[in-house]
Amino acid sequence: MRLKPTGYTPLMLMAQTCALLGFACYAVVLTTLQDEWHLSNLQSGLIASAFFFGYMLMVPLATALTDRVDAKKVYLIGGLSATCGLLGMGLFAFNFWSALFFMALNGAGLAGTYMPGLKILSDRIKTGELTRHIAFYTAFFGIGTGFSYLCSGWLLSAMGWRYVFSVIALGPFTAFLIVLLFIPKLDHEKWHGPIQIRLRDIFPVDKWRLVLQDKTASGFIFGYTTHSIELFASRSWIVAFFGLCALVSGEPFLLTATTLAGVINFFGVPSSILGNEIALKVGRQNWICFVMITSAIFGVTLALSTGQSWWVIIALAIGHTIFIMADSATLTAGLVMSAQENIKGAAMGLHSLMGFGGGLLGPAIFGLVLDLTGSRATQASWVWAYASVVIWGVLFVLYERRSGWANKALKRNP
């Protein structure tokens with residue numbers, strides 16, 4: 001039975017949730033591997049960044065392919081790559097360098113599923129408010145990562161860190177099966193014929209230049225980059241931060257650090273969806289600027305909360321998560337809606353490349369600052385580390401407000 005176009009959204013949400021189950025595996029086992037492999041904070045951060053490095057290497061090719069072939073085919077390759085990366089971490093990783101390779105492979109797999117999954121939807125949904133489907137899709141990133149924290153934490157406590165990666169590998173494989181079995185291929189003339197991918201198709205500099213010349217579209221892309229620096233640094237180090245808070249306060253938390261990280265992550269889902277709705281009323285750019293400033297305040301305040309009661313720390317962590325995610329769907333939907341149709345695939349590729357480039361930098365910057373300011377043992381180190389990743393959003397807001405980004409966009413999209 002052939003589904004209505006809008007019926008593809010629930011399937012892709014399920015697939016994305018499964019594909020993202022491997023996202024937080026390393027964050028959960030970070031301190032375990034740091035002790036077992038005698039890693040510095042910078043090395044620990046670099047392993048987390050390797051995931052995003054793999055993503056960045058693959059996403060230009062993956063998105064270029066979606067302009068040539070049905071994005072379903074790209075998604076299937078991505079699902080298998082992520083599965084292999086997770087299995088490699090669980091079965092074969094034994095030191096810093098091997099972990100870099102398998103985490104990069106895992107990241108490359110996500111590149112083959114995340115934006116191609118969004119392209120699967122945009123190619124099939126041609127009626128109604130597409131931005132709402134995009135908002136749900138991007139918001140479910142939080143569902144997938146939340147379950148990733150929860151499942152990884154349970155597996156770590158019950159079976160050990162190698163089983164975390166090996167068992168979670170079933171997630172992206174399930175996503176592969178969902179898309180293979182339930183998403184029909186497109187019957188359109190552009191999906192037929194030989195595939196000819198050249199270097200300029202993988203790195204479409206000419207198209208990217210056109211995208212960047214559009215000040216509205218480029219604003220969304222650079223905003224997504226600064227958003228990702230803060231978001232992925234926080235997600236990579238939040239479990240370690242909760243561990244320090246429990247140690248300093250001497251007061252037991254209501255839940256384990258990994259379970260807390262997973263539960264708190266779920267708050268980002270309604271935040272992203274509702275944030276998009278608010279942005280439609282008050283203007284995307286105005287909303288983004290407000291959210292980024294508020295998120296930066298929550299991030300530094302959270303770092304200052306070590307030694308406080310557990311409920312204060314959790315409340316601040318929830319607030320930080322809510323405001324980190326409150327502009328996520330808005331940034332992506334704004335880019336998709338503002339990009340010209342003939343370069344939309346290239347624009348989405350650049351958006352994803354720049355955003356996950358921020359994800360590559362964030363965890364490494366965070367870990368480097370921890371090393372430079374006294375390691376993980378002092379509150380001051382965490383304050384400096386959080387400040388080092390939230391400052392980029394503040395600088396983005398100051399620059400864009402000065403350049404009149406919001407006013408130009410309002411005139412273009414009243």
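User: Is threonine 330 buried or exposed?
Analyst: This is a predicted model. In it, threonine 330 has a relative accessible area of 0% and is therefore buried.

User: Where is threonine 330 found, and with which residues is it in contact, leaving aside its neighbours within four places in sequence?
Analyst: Threonine 330 belongs to helix H17, residues 328-338. Apart from neighbours within four places in sequence, the residues in contact with threonine 330 are Phe220, Gly275, Asn276, Ala279, Arg284, Trp287 and Ile288.

User: Now glycine 85. Buried or exposed?
Analyst: Glycine 85 is buried, because its relative accessible area is 0%. It lies in helix H4, residues 71-91.

User: What is glycine 85 in contact with, leaving aside neighbours within four places in sequence?
Analyst: With those neighbours left aside, glycine 85 is in contact with Phe102, Leu105 and Asn106. For leucine 105, the C-alpha to C-alpha distance to glycine 85 is 4.9 Å, while the two are 20 residues apart in sequence.

User: And serine 271, buried or exposed?
Analyst: The relative accessibility of serine 271 is 9%, so this residue counts as buried. Serine 271 is part of helix H14, residues 268-282. Not counting residues up to four places away in sequence, serine 271 touches Ile322, Met325 and Ala326.

User: Let us turn to the core. Which residues touch the most other members of the largest nonpolar core?
Analyst: Phe242 and Trp382 do, in a core of 120 residues. Helix H12, residues 215-249, gives the most to this core, with 16 residues. Apart from it lies another core of five residues, including Trp287, Val291, Phe323 and Ala326.

User: What is phenylalanine 242 in contact with, again leaving aside neighbours within four places in sequence?
Analyst: On that basis, the contacts of phenylalanine 242 are Phe253, Ala257, Leu260, Ala261, Ile264, Ile313 and Ala317.

User: How many cavities of 30 Å³ or more does the structure hold?
Analyst: The structure holds seven of them. The largest cavity has about 130 Å³ of space.

User: Which residues lie nearest the centre of the largest cavity?
Analyst: Those are Ser234, Ile238, Ile264, Asn265 and Thr321, out of 15 lining residues. The elements that give two or more residues to this lining are H12, helix H13 (257-266) and helix H16 (310-325). By class, the lining of the largest cavity has 10 nonpolar, four polar and one charged residues.

User: Which residues line the second largest cavity?
Analyst: The second largest cavity, with about 100 Å³ of space, is lined by Phe23, Ala24, Tyr26, Ala27, Ala48, Phe51, Phe52, Met103, Tyr149, Phe232, Arg235 and Ser236. Two or more of the lining residues come from each of helix H2 (25-37), helix H3 (41-66) and H12. The class composition is 10 nonpolar, one polar and one charged.

User: On to the aromatic residues. Which ones form a cluster?
Analyst: One aromatic cluster is formed by Phe23, Phe51, Phe52, Tyr114, Tyr137, Phe141 and Phe232.

User: How many aromatic pairs are there?
Analyst: The count comes to 26 aromatic pairs. One of them is formed by tryptophan 237 and phenylalanine 366, which are stacked at 5.7 Å centre to centre with 20° between the planes. This pair links distant parts of the chain, 129 residues apart: tryptophan 237 is in helix H12 and phenylalanine 366 in helix H18, residues 344-372. Both tryptophan 237 and phenylalanine 366 are buried.

User: Finally, histidine 38. Where is it found, and is it buried or exposed?
Analyst: Histidine 38 is in the loop between H2 and H3. With 69% relative accessibility, histidine 38 counts as exposed. Its phi is near 55°, a positive value in a residue other than glycine.

User: And leucine 170, buried or exposed?
Analyst: Leucine 170 counts as exposed, because its relative accessibility is 55%. It is placed in helix H9, residues 170-182. Leucine 170 and alanine 19 are 9.0 Å apart in space, C-alpha to C-alpha, and 151 residues apart in sequence.

Notes
Residues numbered from 1 in each chain as written. Predicted model: local features only at pLDDT ≥ 70, side-chain atom pairs only at ≥ 80, totals over all residues. Heavy atoms only, no water. Core = buried A, V, L, I, M, F, W, Y, C linked by side-chain atoms within 4.5 Å. Buried < 20%, exposed > 50% of the residue type's maximum accessible area, 1.4 Å probe, protein only. Helix = DSSP H or I, 4+ residues; strand = E, 2+ residues; numbered from the N terminus. Contact = heavy atoms within 4.5 Å. 1 Å grid on protein atoms, 1.4 Å probe; cavity = no way out; pocket = protein on both sides within 12 Å on 5 of 7 lines; lining within 4 Å. Points joined across faces, edges and corners; volume = space filled by probe spheres on them. Nonpolar A, V, L, I, M, F, W, Y, C, P; charged D, E, K, R; others polar. Phe/Tyr/Trp six-rings, centres within 6.5 Å; stacked < 30°, edge-to-face > 60°.
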